[in-house]
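Visitor: I'd like to go through the terms used for this model, one label at a time. Could you tell me what stands behind each one?

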Amino acid sequence: MASAERREHKLRELLEPIVDNYDYLFIDTPPSLGLLTLNALVAAGSVLVPMQCEYYALEGLSALLATIRRVKSVLNPALELEGLVLTMFDQRNRLSHEIAQNVREHFPERLFATIIPRNVRLSESPSHGLSALEYDPKSAGARSYCELAIELERRAPAQAGNQEAYAPSEKLGGGDGDDVAKDAGTRT
């Protein structure tokens, strides 16, 4: 795909025919800022950032936010930052609390209230080929992801069930990606 023409638009082009069939499409990307993540950002309407409660995650967040601004300005003018979700939060760890406080101070309107705890059952589920909800729906981690889904739904009541308000290209980020927007800003 690296040498393909319009390579950063491939996922968007594949999703366009089916986007109207869904209220929400979630694109889970690798934690790197490579071509797969770039495709997701071009195809997305908004970005929900899972943020590990670790020191290096703060540095990665700065790089991701800069990438989102660049993608918005060049390839996807409708891209927005949906919000941040704290993950791998260890209640016993002072660093987790410090990271959470730091993110709260810098992104008060963007931080989701739901916090995903560090949870052994969440870590075990992929090795069994199951989602956390299939593996142990009563685990603290699985319950937290259910709470996050409810919070997402509450934050976007106009989008759920009001599909006619959005043209397919708007749901996917708008524009054809060839126009360069003059202003930077930041939504999956």
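Visitor: What makes a residue a contact of valine 103, leaving aside its neighbours within four places in sequence?

Guide: Contact means heavy atoms within 4.5 Å. With those sequence neighbours left out, valine 103 is in contact with Met51, Leu58, Leu84, Leu86, Pro108 and Leu111. Before we go on, two housekeeping notes. Residues are numbered from 1 along each chain as its sequence is written, and side-chain values use heavy atoms, leaving out hydrogens and water. This is a predicted model, so local features need pLDDT of at least 70 and side-chain atom pairs count only at pLDDT 80 or more, while totals for chains, interfaces and linings use all residues.

Visitor: Which residues touch the most other members of the largest nonpolar core, and what is such a core?

Guide: A nonpolar core is a set of buried Ala, Val, Leu, Ile, Met, Phe, Trp, Tyr and Cys residues joined through side-chain atoms within 4.5 Å. The largest one here has 23 residues, and Val49, Met51, Ile68, Leu79, Leu86 and Val103 touch the most other members. At least two residues of this core come from each of α2 (35–43), β1 (46–52), α3 (55–74), β2 (80–89) and α4 (94–106). Helix α3 supplies the largest share, six residues. Another core of eight residues lies apart from this one, with Val85, Ile116, Leu122 and Leu148 among them.

Visitor: Why is β2 called largely enclosed by the rest of the structure?

Guide: Buried means under 20% relative accessible area, exposed means over 50%, and partly exposed is in between (1.4 Å probe, protein chains only). Eight of the ten residues of β2 are buried, so the strand is largely enclosed. Across the 188 residues of the protein, 37% count as buried. Methionine 88, which sits in strand β2, has a relative accessible area of 29% and is therefore partly exposed. Its phi is near 55 degrees, a positive value in a residue other than glycine.

Visitor: Is leucine 75 buried or exposed?

Guide: Leucine 75 lies in the loop between α3 and β2. Its relative accessibility is 13%, so the label is buried. The C-alpha atoms of leucine 75 and leucine 41 are 8.8 Å apart, although 34 residues separate the two along the chain.

Visitor: What makes two strands a pair, and in which order do the three strands of the sheet lie?

Guide: Two strands pair if DSSP finds at least two bridges between them. The three strands form an open sheet in the order β1-β2-β3, with parallel pairing. The edge strands, each pairing on one side only, are β1 and β3 (111–117). Seven bridges join β1 to β2, and valine 47 stands opposite leucine 81 in β2. Three bridges join β2 to β3, where leucine 84 has leucine 111 as its bridge partner. Helix α3 packs on the sheet, touching β1 and β2, and its direction makes about 170 degrees with that of β1. That angle runs from 0 to 180 degrees between N-to-C directions, with axes fitted to C-alpha atoms, for helices over the stretch in contact.

Visitor: Why is the pair of tyrosine 55 and tyrosine 56 called edge-to-face?

Guide: Rings of Phe, Tyr and Trp (its six-membered ring) pair if their centres lie within 6.5 Å; planes under 30 degrees apart count as stacked, over 60 as edge-to-face and the rest as tilted. Here the centres are 5.4 Å apart and the planes are at 65 degrees, so the pair is edge-to-face. Tyrosine 55 counts as partly exposed because its relative accessibility is 46%, whereas tyrosine 56, at 64%, is exposed.

Visitor: What makes arginine 155 lie over the face of phenylalanine 112?

Guide: A charge sits over a ring if NZ of Lys or CZ of Arg is within 6 Å of the ring centre and within 35 degrees of the ring normal. Arginine 155 lies over the face of phenylalanine 112, at 3.7 Å from the ring centre.

Methods: Helices (H or I, at least four residues) and strands (E, at least two) are DSSP runs, numbered from the N terminus.
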